[in-house]
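Hi,

Here is the structure I promised to pass on. Have a look at it first, and then read my notes below.

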Number of protein chains: 2
Amino acid sequence: MFKKRLLTPGPTPIPEEVRLAMARDMIHHRKDEFKKVMHNVLNDLRYLFCTENPVLPLSCSGTGAMTAAVNNLFSPGEKVIVVEAGKFGRRWSDIAQARGLEVIALPLEWGAAVDPADVENVLSRWSDISGLLIQASETSTGVLHPGRELAAMCRKHNILSVVDGISAVGISPCPMDEWGIDCLLTGSQKGLMLPPGLAFIALSDAAWEKARKTKPRDFYFDLPREREKNASDQTLFTSPVNLVLGLEQVMRIFKSRGLEAVFAKQRALTAMVRAGVQAMGLDLLVRDFYTLGLTSVSLPPGIDGIKLLETAAREHGVYMAGGQEHLKGRIVRIGHMGYVDFGDLLAGLHALRCSLESCGGHCGSRDYLERAMAAYHQELQTKNQ
Amino acid sequence: MFKKRLLTPGPTPIPEEVRLAMARDMIHHRKDEFKKVMHNVLNDLRYLFCTENPVLPLSCSGTGAMTAAVNNLFSPGEKVIVVEAGKFGRRWSDIAQARGLEVIALPLEWGAAVDPADVENVLSRWSDISGLLIQASETSTGVLHPGRELAAMCRKHNILSVVDGISAVGISPCPMDEWGIDCLLTGSQKGLMLPPGLAFIALSDAAWEKARKTKPRDFYFDLPREREKNASDQTLFTSPVNLVLGLEQVMRIFKSRGLEAVFAKQRALTAMVRAGVQAMGLDLLVRDFYTLGLTSVSLPPGIDGIKLLETAAREHGVYMAGGQEHLKGRIVRIGHMGYVDFGDLLAGLHALRCSLESCGGHCGSRDYLERAMAAYHQELQTKNQ
């Protein structure tokens, strides 16, 4: 009766050419055929991250790359600021504490973006802070933090800006060198349209200098040694070969479209979903500073968000995500990152409307789909003028 | 003119049904469809490891699982014995040192298996040793260490036996509970016939007790928390979904054949390759205690092993591995683990013969292939009697 549509903020659907590339039989990770692929992707990843510095692939989930960042850039006892605007902000604190760092947390209401003045305030009170750990976009809410301002502020105070770009790289602009970010990382399963299992991390010159001095380093996530090995188009330990073969195809897609076109599509999809949801009479969790990869919808009181998601999946084949921790059951997160287009989101918005009503809610409009599409076209036109 | 044949000791070729399962479009790692798959593979992995305890999948290479073992079982300052019989024995020492452990190394000539008496000797001299780190089989040479005896000795001395089974699990018998191994781990890309990127680790009750007390734990590789999450058929961080889908197929193969049949095939292939190589007049690096997954061949003086491997790949499509570190260029390692059969190895032995001759070497027999096959059939018959 209907297809399955994955509209979660990661993992995201995978283009057919990528899936077929990954289905090839094994090739060896230390032989020339693979090294040629690795050579190309290492080059292309710098385009994706908008950096002149190397981008290192790691065999792990995004959290592995976050652990790699903390363990390579900071030694036990150092002090870092963590912006805790959701589940993944808190994860920074957990990782930093496991490393023995002293965490100065800036907790925010879930759905709020950090105000740079609050960070500046902490920086002016303490003289011995080593870094700021933040999300480019907080996947648990859909908030977009002011990455450019924060990175500039870190430069000014001579501390490292460490940015989790897991739901931003290839989705929402985050140009590493232009903004002066010291560490940017991401995973394979969101903007990169690949299965999970591969992560990426890049450091600025200042961050490399710090990493080389940091001891003891993590054995598995040893970035200076990894960088050295990458110079011969290999990874330090066995590469996840098939994911790298898929990545080669993904990079072809990014290069043939261009990053700007991807961001334009993301802006149009974001405008579309926000307009559709608001036309239904639902509230958006994030008002002003929102990412281009997902839209969080606050459910009216009395609506069981878990039942709503189950209904959307069972009755319409649409898989969306719910809230995490205290937002569980209270919000719906609609993913629109990676290999997702307006048609998928029309299905998604319609599934949301039907599931809302079958859970006792009310949709305040009959033309929410058309209004969503109008916002989509409007955004694309604005871009083209 | 010819097919490509991957005869390296990992990664290994991938069966078609596994590749096709991995080529499916993405499903979400926190939804029911995936949890059902995870439920099955978590169950099946215990059959593979021959243990009643849980086997934890980790998103990393085999070295990641080795790091997980050390960082969860030992705290900085503890003392461990490491059997350094090759490149991967040394890796145990590197990982242990990165964790701040005191390493008592037992270095061996590459190609030799450890004598349990030497370990006993160390154990009797020191009273404060916490563990023994060893390979079931040392992939850089093809040696098989006496796992059963060593595990029993560790039990007697009340220290933890930590076994890297990366080139053993699903290849060479290593029954965890029967032998009393405290920690057994492996990777996806050898006996498990999958791409690299997934690793597995299991602990005994004593090891779990130690892991729970070990602080600070590694954030990414936190085995007690991971075990807790596995109880709900999920992993702590994002699962490498497609590899897990492939694993489900792999476990179907193992269960339909039975582990004993896999080991019987491995014994026959090992007998075949050893007989063929010896019929050519070449020396085996490992005489007595050899694994069932790979055969290392010592090249005669004057033969350039690197050129030989290049010739075999270019002229015959056969990809074998060379020696590592000081054995580079001096040995050939023929992998015969995973999805490899006698036909692949006939091609491999013939490619070895031709490449040897084109590098100036000499093959001492015209019936080396037939003698290899005789040994293969002989071994299979012995098993059936």
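**Two helices in chain A**

In α2(A), the residues A:F34, A:V37, A:M38, A:N40, A:V41, A:D44, A:L45, A:Y47 and A:L48 meet A:V241, A:V244, A:L245, A:L247, A:E248, A:M251, A:F254 and A:K255 of α10(A); contact means heavy atoms within 4.5 Å, and helices (H or I, at least four residues) and strands (E, at least two) are DSSP runs, numbered from the N terminus. That contact divides into 13 nonpolar residues, one polar and three charged (Ala, Val, Leu, Ile, Met, Phe, Trp, Tyr, Cys and Pro count as nonpolar, Asp, Glu, Lys and Arg as charged, the others, Gly among them, as polar).

Before going on: this is a predicted model, where local features need pLDDT of at least 70 and side-chain atom pairs pLDDT 80 or more, while totals for chains, interfaces and linings use all residues. Residues are numbered from 1 along each chain as its sequence is written, chains are lettered from A and ligands numbered from 1 in the order written, and side-chain values use heavy atoms, leaving out hydrogens and water.

**A proline in a loop**

A:P196 sits in the loop between β9 (183-187) and β10 (199-203) of chain A. A:P196 is buried, at 2% relative accessible area (buried is under 20%, exposed over 50%, partly exposed in between, with a 1.4 Å probe and protein chains only). Beyond four places in sequence, its contacts include A:P11 and A:L243, plus B:M26 and B:P240 from chain B. The C-alpha atoms of A:P196 and A:L243 are 8.6 Å apart, though 47 residues separate them along the chain.

Cheers
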